[in-house]
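Student: I would like to learn how to read a structure feature by feature. Could we work through one together?

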Amino acid sequence: MSPIRCAARSLVPVAVAIVLAGCALGPNYKRPETATTDHYKNPVAATPQAVPPDKWWALFGDPTLNDLEQQVEVSNQNIAQAAAAYMQARAVVRQDRSSLLPSIGVSGGVTRSGGSSGAFGGTGTGSIVVPTRGSSTTTSYQLDPSATWELDVWGRLRRTLENAHDSAQASAADLANAKLSAQSQLAIAYLQLRGTDAQRKLLADTEEAYKRTLTITNNRYKAGTAARTDVLQAETQLYSAQDQEQSDILQRAQLENAIAALIGKPASGFTVAALDSWDIPMPEIPAGLPSDLLQRRPDIVVAERQMAAANAIIGVQEANFFPAITLTGSYGFVSTAASTLFDKANLSHSIGASLSQTLLDFGGRRAQVDQARNAYAQAVASYKQSVLTAFQDVENDLAAAAVYRTEFDLRTQNSEAADMTEKLTLNEYKAGTVDFTTVVVAQTAALSARLQLAQMRVLRQTDAVTLVTDLGGGWQAPDFTHYQ
């Protein structure tokens, strides 16, 4: 058996034993405890064990919304950026994993050299020599495989890989958060757009009613039973309603353009067909348990994985206090003839180990450890604040849902009463028992009540979307495996 093989066989088990016996410096990660409760304080949070479905927008029962939401995931450019960042993070994991294994290379070449034998000379200028009679040349062939392996005795490479794993998992959660955010923005924009459709239909109906009132007022004026000011007031009412409709037209156009951007299409070539009527369902959103937020909200998982990644860096920096041990070896052949290159006599080999250690850096490494520990403390605080903010968001949404439900009922009753008042007042005006100013007041109040009711419908819908978003949609964090 050749000496190189004997050395390799004796050295590899030693190296493996060193790596396996080596400790990974730095603290092993454990997720810190956070303050939580067993239930939400608002009674609206029913069915505590349920969670929203993955395609939560289907709860609104709108085919157009369903179709638009399907386009978000494949066409939204913010999602595309997050997806590229995730793939980049996965590539970093593969790169750091490769550093745990030996780096194997090979070099080879052919060298041709020549010189004068002394019997004859040569001529030349400067450094260029032209061989003449008596010169000799030799050719040598070389093939030299080699390997280099840094032994991860102190766990620096393993902690680096751990950091890459945790960062990639944070990037995966960031991608989920980008999807949820885009889906939420689209749903809110779409519901608001449908709200403007409903308001425009309401205003169009009101304008027709105001036109009829203007006709009645004109007839009474021509008959001498109404003043010219009554006609002017009727015209003012009509023009005011038409002006409000223009505001809705502008808002709808802006919302339509926002939807186009969210699904990755140019606004100039995108439209959403208007609907004459739209029945807006009000889905019940299951809130689940407060503790579920820790695994259901992507932004919380991002903060938690970033915290784990910061913890791993502490071990990386602490390992810098200890020497780096590297094994090197080569097993090659050198010959003056290609046919005999692989003969045993032409064997050339080497094996060795090197150790490098910084002896004095005037506190530089200690400062790096302190930086890593404080970065981890910052990540812990950020994670805990994310949890607190999540609880706040959900409680706000649930409180708003309870108030909006009551307010919707009150606005419904108010609108019905205002409509009845408008109808009765107009009949009294036709009978000549009230002046037209009373009619104007009743019409203004009725229109305002109708618009407020329509706006409350949309507000309840968008609050439901916000609640779904703050609950994390239908997303669930994967079961991450931590390095211990």
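Student: Is Phe362 buried or exposed?

Tutor: Start with the terms: buried means under 20% relative accessible area, exposed means over 50%, and partly exposed lies in between, using a 1.4 Å probe and protein chains only. Phe362 counts as exposed because its relative accessibility is 75%. Before we go on, note that this is a predicted model, where local features need pLDDT of at least 70, side-chain atom pairs count only at pLDDT 80 or more, and totals for chains, interfaces and linings use all residues. Residues are numbered from 1 along each chain as its sequence is written, and side-chain values use heavy atoms, with hydrogens and water left out.

Student: Where is Phe362 placed?

Tutor: Phe362 sits in the loop between β6 (347-356) and α8. Its phi is near 55 degrees, a positive value in a residue other than glycine.

Student: How many helices and strands are in the protein?

Tutor: Helices (H or I, at least four residues) and strands (E, at least two) are DSSP runs, numbered from the N terminus. The protein has nine helices and six strands.

Student: What can be said about the protein's 484 residues and its accessible surface?

Tutor: Of the 484 residues, 37% count as buried. Accessible areas come from the Shrake-Rupley method with a 1.4 Å probe, and for residues only the protein chains shown count as cover. The accessible surface of the protein comes to about 26,100 Å², and 55% of that belongs to carbon and sulfur atoms.

Student: What share of the contacts is between residues 24 or more positions apart?

Tutor: Contact means heavy atoms within 4.5 Å. Among contacts with a separation of 6 or more, residues 24 or more positions apart account for 84%.

Student: How are two packed helices described?

Tutor: Two packed helices are described by the angle between their axes and the distance between the axes. The axes are lines fitted to C-alpha atoms, for helices over the stretch in contact, and the angles run from 0 to 180 degrees between N-to-C directions. Take helix α2 (residues 63-75) and helix α4 (residues 156-222): their axes are 10 Å apart, at an angle of about 150 degrees. That makes α2 roughly antiparallel to α4. Angles under 35 degrees count as roughly parallel, over 145 as roughly antiparallel, 65 to 115 as roughly perpendicular, and the rest as oblique.

Student: Which hand does the crossing of α2 and α4 have?

Tutor: A crossing is left-handed if the near helix is turned anticlockwise from the far one by less than a right angle, and right-handed if clockwise. The crossing of α2 and α4 is right-handed. Residues making the contact include Leu65, Leu68 and Val72 of α2, and Ala182, Leu186 and Tyr190 of α4.

Student: At what angle do helix α7 and helix α8 cross?

Tutor: Helix α7 (residues 298-319) and helix α8 (residues 364-430) cross at roughly 165 degrees, and their axes come within 8 Å. This makes α7 roughly antiparallel to α8. The crossing is left-handed.

Student: What about α8 and α9?

Tutor: Their axes are 7 Å apart, and the packing angle is about 160 degrees. α8 and α9 are therefore roughly antiparallel to each other. Their crossing is left-handed.

Student: Which residues does Asn311 touch?

Tutor: Asn311 lies in helix α7. Not counting residues up to four places away in sequence, Asn311 touches Pro27, Asn28, Tyr29 and Tyr376. Pro27 is 284 residues from Asn311 along the chain, and their C-alpha atoms are separated by 7.1 Å. Asn311 counts as buried because its relative accessible area is 3%.

Student: And is Ala310 buried or exposed?

Tutor: Ala310, also in helix α7, is buried, with a relative accessible area of 14%. Leaving aside neighbours within four places in sequence, Ala310 is in contact with Asn163, Ala372, Ala375, Tyr376 and Ala379.

Student: With which side chain does Gln71 make a polar contact?

Tutor: A polar contact is a pair of N or O atoms within 3.5 Å; within protein, one must be able to donate a hydrogen and the other to accept it, and residues adjacent in sequence count only if both atoms are side-chain atoms. The side chain of Gln71 makes such a contact with the side chain of Asp67, at 3.0 Å. Gln71 is in helix α2 and counts as buried, at 17% relative accessibility.
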